[in-house]
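Trainee: I would like to learn how to read an interface and a helix. Can we work through an example?
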Number of protein chains: 2
Amino acid sequence: MGAGKEFLDAKERALNLLWKDKSENKVDKGIERILYIINKSDDYYTSSSCAGRIVLIELPKIGDKMGAKFLGKWHRQIEQSEVKLAAKKAKTGLLWLLAQSPILHIAAETNSAADKLLKTAISCGFKHSGLKSIIGKNIVEVCSTERLDAPIGKDGSLFCNEEHLRLLVDISNEVIDRANHKLQRFERELKKFLSTLKTTKH
Amino acid sequence: MGAGKEFLDAKERALNLLWKDKSENKVDKGIERILYIINKSDDYYTSSSCAGRIVLIELPKIGDKMGAKFLGKWHRQIEQSEVKLAAKKAKTGLLWLLAQSPILHIAAETNSAADKLLKTAISCGFKHSGLKSIIGKNIVEVCSTERLDAPIGKDGSLFCNEEHLRLLVDISNEVIDRANHKLQRFERELKKFLSTLKTTKH
């Protein structure tokens with residue numbers, strides 16, 4: 001089964017964007033190998049990705065994502081002191097500490113390829129994965145359920161005490177730790193699953 | 001286009017379960033009309049649903065969902081005093097206040113019916129919706145991004161002050177309010193979209 005021209009063209013455009021992002025250091029290190037494995041396969045390409053992160057964000061109003069200001073962003077486990085330092089930049093509005101699991105968008109050439117990738121992702125613990133489109137384009141979203149969304153301060157000052165903040169940082173670090181384990185497992189399963197695909201094809 | 005026997009049988013089983021749940025008062029009022037509209041259509045049936053809720057939960061350890069104990073559960077906006085009252089039942093472990101958006105699982109007879117429903121859900125603000133399976137069974141998961149996952153106490157006592165708790169309750173109520181608006185919009189769009197379907201068919 002050869003890949004259709006439309007799919008190949010779209011893949012070329014996506015990979016060009018990826019190389020550009022990579023040259024500008026915009027691709028998360030923790031997810032690079034997975035992107036490489038997926039893009040090597042004829043049936044898939046990646047269109048966007050994030051390896052999971054901890055974020056300190058300032059929101060002028062509840063739900064006002066457009067007005068959000070990033071005060072800190074870490075693609076790794078963090079120390080309590082880092083949050084406190086980043087929070088010093090806070091001015092007006094609500095301060096949120098967020099821990100976000102990895103997210104990947106992958107285009108598949110066929111419905112069946114999309115379904116197989118989805119099932120692999122779910123089996124590796126990315127339980128919140130789903131297909132975002134199956135007519136026209138097959139897009140698989142790979143994501144997980146672990147997260148933290150906690151408001152921790154207002155108008156420039158934290159309203160949680162040391163113990164509370166330590167706990168929030170511990171939970172955030174746990175989200176990152178679990179994300180890393182799931183990504184490792186996904187990488188192993190992808191390797192197995194894509195090599196089977198090759199054997200069946202040729 | 002008539003519905004296949006396998007799909008119709010599965011629909012019958014799902015509806016029997018739904019009527020059973022309804023007779024035991026286990027179906028959320030806020031979502032009943034939507035379930036009715038979807039199940040009336042030949043192309044779809046609902047398999048599970050929750051209208052969105054605010055929950056006070058006690059977890060013995062981080063991520064230990066199996067050991068979770070529900071101290072309070074509300075399918076509506078709440079008062080601060082209700083959280084404090086429910087928190088009195090807390091004993092050991094972390095106390096979390098969660099606000100969860102609606103979630104629905106809908107089976108569709110064909111890939112194309114699944115894709116159309118998915119697009120309708122996304123256009124109504126259920127941005128986190130996706131297809132969970134397209135080979136064998138077509139399952140659409142309808143869900144949204146708004147939520148709150150905040151640890152608010154430990155081993156029986158709250159560690160957030162009055163102001164902090166009020167804010168968390170406000171945010172939770174905002175999640176429920178947005179959920180209700182999205183459900184109303186989804187109901188309107190479903191009615192339009194399913195009546196078009198009928199016109200095309202007959």
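Mentor: Start with polar contacts: N or O atoms within 3.5 Å, where within protein one must be able to donate a hydrogen and the other to accept it, and residues adjacent in sequence count only if both atoms are side-chain atoms. Across the interface of chain A and chain B, 11 residue pairs are in polar contact, both at pLDDT 80 or more. This is a predicted model: local features need pLDDT of at least 70, side-chain atom pairs count only at pLDDT 80 or more, and totals for chains, interfaces and linings use all residues. Residues are numbered from 1 along each chain as its sequence is written, and side-chain values use heavy atoms, without hydrogens and water.

Trainee: Which element gives the most to the side of chain A that touches chain B?

Mentor: Helices (H or I, at least four residues) and strands (E, at least two) are DSSP runs, numbered from the N terminus. α5(A) gives the most, with 7 residues.

Trainee: How is the size of an interface given?

Mentor: Often as the accessible area lost when the parts come together. Here buried area (1.4 Å probe, summed over both parts) is about 3200 Å² between chain A and chain B, and carbon and sulfur atoms give 61% of that.

Trainee: Which residues of α3(A) are buried?

Mentor: Residues three or four places apart in an α-helix point the same way, because there are 3.6 residues a turn. In α3 (residues 80-87) of chain A, Gln80(A), Val83(A), Ala86(A) and Ala87(A) are buried (under 20% relative accessible area, 1.4 Å probe, protein chains only). They lie on the same side of α3(A), because their arc around the axis is only 130°, taken from the directions from the helix axis to the C-beta atoms.

Technical notes: Chains lettered and ligands numbered in written order. Buried area = accessible area lost by both parts, 1.4 Å probe. Buried < 20%, exposed > 50% of the residue type's maximum accessible area, 1.4 Å probe, protein only.
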